[in-house]
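Subject: Structure for you to look at

Hi there,

Here is the structure I promised to pass on. Please open it alongside this note and have a look when you get a moment.

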Amino acid sequence: MEYIVSAPLRPLVRSLLPGAILVLACGSLAGYAQEGTAYHPVEEEARQNGRRLQYRGMLQEHAAPPLPNPAVFSSQDRIALHFVEQGQAALSQEDFQRARIFFERAVNIAPLQPYGYYFLGRATFAQGDAHQALVFLLKAELALSEENAAWIAKTKCLQGMIHEDLGAYEEARRSYQRCLEISPQSLRARTGLARLPAESEP
């Protein structure tokens with residue numbers, strides 16, 4: 001009896017099955033798109049990580065001051081600067097791993113030179129390690145002399161961005177303010193300060 005009932009239904013089931021599969025497939029895709037907005041893994045990561053990707057994306061716009069003239073340095077420092085330049089080229093192509101190799105060579109050759117540390121901070125932050133990036137930037141700051149005001153300002157501004165990324169708003173505020181003390185025209189520091197929440201009550 002079961003066979004008698006099911007046998008006539010088989011052609012009908014075969015004809016309806018593709019349409020049912022299509023409906024189910026469309027239903028499963030509905031979760032990835034609402035009101036015509038497609039699902040993008042990068043955007044989903046940005047939502048999960050808050051504004052973190054926004055700050056890393058700013059790095060390409062965060063132009064560093066020009067490197068000093070190699071002629072005034074020792075041969076060892078000139079070699080280190082050459083590696084920094086190679087690292088900058090890799091960094092501009094977002095090849096962060098290769099860039100870090102060049103910057104690490106630079107600081108190994110000339111550990112008292114600040115430029116390799118600064119760019120190591122940038123590359124490390126771009127790779128997602130904000131805390132390690134702050135360590136490198138602190139080393140750069142300590143190695144910079146007062147004559148390198150433009151570099152100090154850029155270093156403080158980048159520190160501000162990273163602190164802001166971590167949610168350490170008071171540290172970010174201090175870094176941005178220090179940048180503006182050195183370089184009052186820094187638009188990056190001004191907009192960074194404007195983004196920060198109001199200072200907490202004492």
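Below is what I found in it, going from the overall picture to the details.

First, some ground rules: this is a predicted model, in which local features need pLDDT of at least 70 and side-chain atom pairs count only at pLDDT 80 or more, while totals for chains, interfaces and linings use all residues. Residues are numbered from 1 along each chain as its sequence is written, and side-chain values use heavy atoms, with hydrogens and water left out.

**Confidence**

pLDDT is the predictor's confidence in each residue, from 0 to 100. The chain averages 78, and 68% of the residues score at least 70.

**Overall picture**

The chain has 10 helices and zero strands. These are DSSP runs numbered from the N terminus (helices: H or I, at least four residues; strands: E, at least two). Of the 202 residues, 34% count as buried. Here buried means under 20% relative accessible area, exposed means over 50%, and partly exposed is in between, with a 1.4 Å probe and protein chains only. The chain exposes about 12300 Å², with carbon and sulfur atoms supplying 57% of it; the areas come from the Shrake-Rupley method with a 1.4 Å probe, and for residues only the protein chains shown count as cover. Among contacts with a separation of 6 or more, 55% are between residues 24 or more positions apart.

**The core**

The largest nonpolar core has 42 residues. By nonpolar core I mean a set of buried Ala, Val, Leu, Ile, Met, Phe, Trp, Tyr and Cys residues joined through side-chain atoms within 4.5 Å. The residues with the most contacts inside this core are F103, F119 and I162. Two or more residues come from each of α4 (75-92), α5, α6 (114-126), α7, α8 and α9 (169-182), and α6 gives the most, with eight residues. Leaving aside residues up to four places away in sequence, I162 touches F125, A130, A133, L134 and L137.

**Salt bridges**

A search of the whole structure finds five salt bridges, each being a side-chain nitrogen of Lys or Arg within 4 Å of a carboxyl oxygen of Asp or Glu.

- E104 is partly exposed at 32% relative accessible area, while R100 is buried at 18%.
- E141 is partly exposed at 25%, and K156 is buried at 12%.
- E164 is buried at 1%, whereas R195 is partly exposed at 26%.

**A closer look at α10**

In α10, R188, A189 and G192 are buried. Seen down the helix axis, the buried residues of α10 fall within an arc of 95 degrees, so they line one face; the arc is that of the directions from the axis to the C-beta atoms. On the face turned away from that buried side are the exposed residues L187 and A194.

Best wishes

Technical notes: Contact = heavy atoms within 4.5 Å.
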